[in-house]
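Visitor: I am new to this structure. Please take me through one part of it, step by step.

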Amino acid sequence: MRLRKAGLELRFMGYAALAGALGVAACVSVASPRGGTGNVPVVRGQYKNGRDQIVRIALATAAHEGADLGSGRGPLVIRPDANSQFVVWGGKRYRGSLVITATDSGLLVVNQLPMDDYLRGVVPLEIGNRTAAEFAAVQAQAVAARTYAYKHLTDARAFDMYSTVQDQVYGGVDAEKPQADTAIMTTGDVVVLYNGQPITTPYHSTCGGSTAAVSEVWYDQSDQPYLRPVSDRIPGTDHFYCDPSPRFSWTQSFDGPGLRAVMEKYLAAYTKAPKAGAGRITDIREQGRTPSGRIAALSVQTDSGTYTLRGNDIRFVLRDPKGTILNSTFFSFTRETSGGEVSTLTVNGRGYGHGIGMCQWGAIGRARAGQNYRTILETYYPGTTVGRIGS
């Protein structure tokens, strides 16, 4: 425990030195984002601060190589030795420790480490390398990622989150960047709150002009008051804050054989289509729009019947030849038929991702326009306040 505590102290000394080099204040200000002062909400008791709160990240849930548990089922705990600050799994370095447990499906590999160290391996992968003028977006990403992590702490299973897009992409030590470290430090313990508690903070790359409510995308889930459509239009213009995104607008095309192939491969997983294949695709029709302008559902007419794709399921069926899902459901389309079968389908869309919560490219655009991270967060999560975790 003493060695571990000493390591944490040294790490935060490094943070302070880094902040000084970049000219960033080491203190955290959580005053009103619109110029006011006064107290901010503090969450006490339920959570520990970022230096002390341990998170458990699943690096693998069915691994078959990498550790020998002998005759037991574990858990085997691996900590850094005297010659290293890190543990290694799959060729990647991680802070904290690894807990490896044998399960019926293979090895469960969990990285246990402090919240702040976890965020250092998340923020750079989620927001990328940004300019100094875009630093507020990196801070907003740090707070969104921190809030998501606190919200997903659980006793219901042996880990809190996955290390993939299923939760937040986490790359360990090799993903860390000085800019993200500074953003994490200058927003230390800051979270997004609703009714005094951390919220679920989904985020995505590019909204394409408007974010979405939960039920527009995940039709089987309930809406939240702080996850509702937010316009990304720059006031007084025809432009949007997320315009600079390389996927603000896009086109994807399918020929007849390609469309039939993806439908045969994926349609049955999201509808009641026969697993052996639905036959020829004879027509595709739009079934309404959501409040933010996204496709609500598609009707796919085939030789074997008509099947409805709803919300985000559309993206998981209309994949490209490599299996990559469709960029978003914010699109229009045209189709041509030949011989009673759809011969071409051209999808013209905007945005990238599910569209719920914070638009990352929108946050970048807002940072360029001079908005601070608190304004960005309270815009994309309307009705929330910025507070912090108490010590």
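Guide: Let us begin with terms. Two strands pair if DSSP finds at least two bridges between them. Helices (H or I, at least four residues) and strands (E, at least two) are DSSP runs, numbered from the N terminus. Residues are numbered from 1 along each chain as its sequence is written. This is a predicted model: local features need pLDDT of at least 70, side-chain atom pairs count only at pLDDT 80 or more, while totals for chains, interfaces and linings use all residues, and side-chain values use heavy atoms, with hydrogens and water left out.

Now to strand β14, residues 297-302. It pairs with strand β15 (residues 305-310) in the antiparallel sense, over six bridges. One of the bridge partners is L309 in β15, which faces L298. A hairpin of two residues joins β14 to β15.

Strand β13 (residues 281-286) also pairs with β14. This pairing is antiparallel too, over five bridges. Here D283 has Q301 of β14 as its bridge partner.

How enclosed is β14? Buried means under 20% relative accessible area, exposed over 50%, and partly exposed in between (1.4 Å probe, protein chains only). Five of the six residues of β14 are buried, so the strand is largely enclosed by the rest of the structure.

Next, the wider setting. A nonpolar core is a set of buried Ala, Val, Leu, Ile, Met, Phe, Trp, Tyr and Cys residues joined through side-chain atoms within 4.5 Å. The largest has 68 residues. Helix α4 (residues 135-151) gives the most to this core, with twelve residues. Apart from it lies another core, of 25 residues, and Y307 is among them.
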